[in-house]
Amino acid sequence: METRLELDVLIYPDEVRVATPEDLRQWDLETASQVSIPTVRLFVALYPYNPAAMSPNPDTAAEELPFVPGQIIKVFGDKDSDGFYHGESGGLSGYVPSNMVAEVPVDDEYLKHVLMQQGFLPVDHAGMSLTPELSDAGSIREDVIVRRMVALFDYDPWENSPNMDSEAELGFRSGDIIYVLGDMDQDGFYFGDLHGRRGLVPSNFLQPLPWN
């Protein structure tokens with residue numbers, strides 16, 4: 001029975017030799033470094049967008065992605081010279097106008113997966129807009145740092161809280177925009193403001209949002 005042996009070889013101008021395992025590892029590293037992998041980011045739609053009726057480029061509207069407020073969109077790379085990203089959502093892909101969406105800055109790959117599976121952030125429930133104003137801002141000391149965060153999950157203090165004094169905590173829904181006042185305490189909670197209600201909010205249910 002004939003046995004065939006396959007070997008990788010390296011061909012140089014003055015020699016031909018069998019590649020060693022170290023040669024193959026180095027080749028894989030060099031090849032991988034030359035492959036450009038576009039950055040993947042998550043965005044949430046701020047407004048409804050129907051390319052057929054709203055696109056500034058009627059001739060290419062069919063290549064754009066339609067969406068509704070709160071829809072999560074996976075974006076690849078940076079926006080182009082016309083102000084469009086390339087993204088996908090709901091099994092469709094296309095160009096996305098950058099002025100109709102906002103980035104959700106999530107670095108954790110598991111949270112990215114959860115948000116993509118969820119598909120939506122309910123950004124306009126209870127008649128509230130995506131970026132509600134901070135209530136009674138005059139009552140906050142000037143030295144207190146205020147941050148804007150989005151809730152990734154629903155939180156009911158009576159059901160989810162690890163603390164006995166859950167009445168001091170703030171309940172919220174996925175997609176709520178919460179203004180966080182000051183730093184996180186030793187138990188991992190912020191003091192937050194949501195539509196005029198204030199209380200403690202668990203930091204692991206939130207992600208920071210940039211100020212627009």
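Let me open with one residue. Arg147 is partly exposed, because its relative accessibility is 27%. Keep that arginine in mind. One caution before we go on: this is a predicted model.

Where does Arg147 lie? It sits in strand β8. Its side chain meets that of Asp183 in a salt bridge, 3.3 Å from N to O. Asp183 belongs to the loop between β9 and β10, so the pair ties together parts 36 residues apart in sequence. Asp183 counts as exposed, because its relative accessibility is 59%.

Now the sheet around that arginine. It is open, has 5 strands, and runs in the order β11-β10-β9-β8-β12 with antiparallel pairing. β11 and β12 (206-209) are the edges; each has a single partner strand, so one side of each is left without a neighbour in the sheet. On average, neighbouring strands here are turned by 45° against each other, direction ignored.

Look at β9. On one flank, 5 bridges join antiparallel β8 (residues 146-151) to β9. Val146 has Leu181 of β9 as its bridge partner. Arg147 stands opposite Val180. On the other flank, 3 bridges join β9 to β10, again antiparallel. There, Val180 is the bridge partner of Gly192 in β10.

How many residues of β9 are buried? The count is 5 of 5. Ile177, Tyr179 and Leu181 point one way, Ile178 and Val180 the other, and all are buried.

Ser166 is placed in it, between α4 (157-160) and β9 (177-181). Ser166 is buried, because its relative accessibility is 7% and the cut-off is under 20%. Leaving out residues up to four places away in sequence, Ser166 touches Pro157, Trp158 and Ser161.

On to β10 and β11. His195 is in the loop between β10 (189-194) and β11 (197-202). Its phi is near 55°, a positive value in a residue other than glycine. His195 is partly exposed, at 32% relative accessibility. In this region there is also a salt bridge: the side chains of Arg198 and Asp193 meet at 2.7 Å, N to O. Arg198 is partly exposed, at 31%.

Next, another sheet. This one is open too, with 5 strands in the order β6-β5-β4-β3-β7 and antiparallel pairing. Its edges are β6 (92-97) and β7 (101-104), each with a single partner strand, so one side of each lacks a neighbour in the sheet. Neighbouring strands are turned by 45° on average, direction ignored.

Inside this sheet, β4 (residues 72-76) and β5 (residues 84-89) run antiparallel, joined by 3 bridges. Lys74 stands opposite Glu88 in β5. Helix α3 (residues 109-118) packs on the sheet, touching β3 (40-45), β4 and β7. Its direction makes about 40° with that of β3.

Last, the salt bridges. The structure holds 5. One of them joins Glu103 and Arg41, with the closest N and O atoms 3.2 Å apart. This pair links distant parts of the chain: Glu103 in β7, Arg41 in β3, 62 residues apart. Arg41 is buried, at 19% relative accessible area. Glu103 is partly exposed, at 26%. Salt bridges that share partners join Arg41, Asp78 and Glu103 into one network.

Note on methods: Residues numbered from 1 in each chain as written. Predicted model: local features only at pLDDT ≥ 70, side-chain atom pairs only at ≥ 80, totals over all residues. Heavy atoms only, no water. Helix = DSSP H or I, 4+ residues; strand = E, 2+ residues; numbered from the N terminus. Buried < 20%, exposed > 50% of the residue type's maximum accessible area, 1.4 Å probe, protein only. Pairing = 2+ DSSP bridges. Axes fitted to C-alpha atoms, helices over the stretch in contact; angles between N-to-C directions. Contact = heavy atoms within 4.5 Å. Salt bridge = Lys/Arg side-chain N within 4 Å of Asp/Glu carboxyl O.
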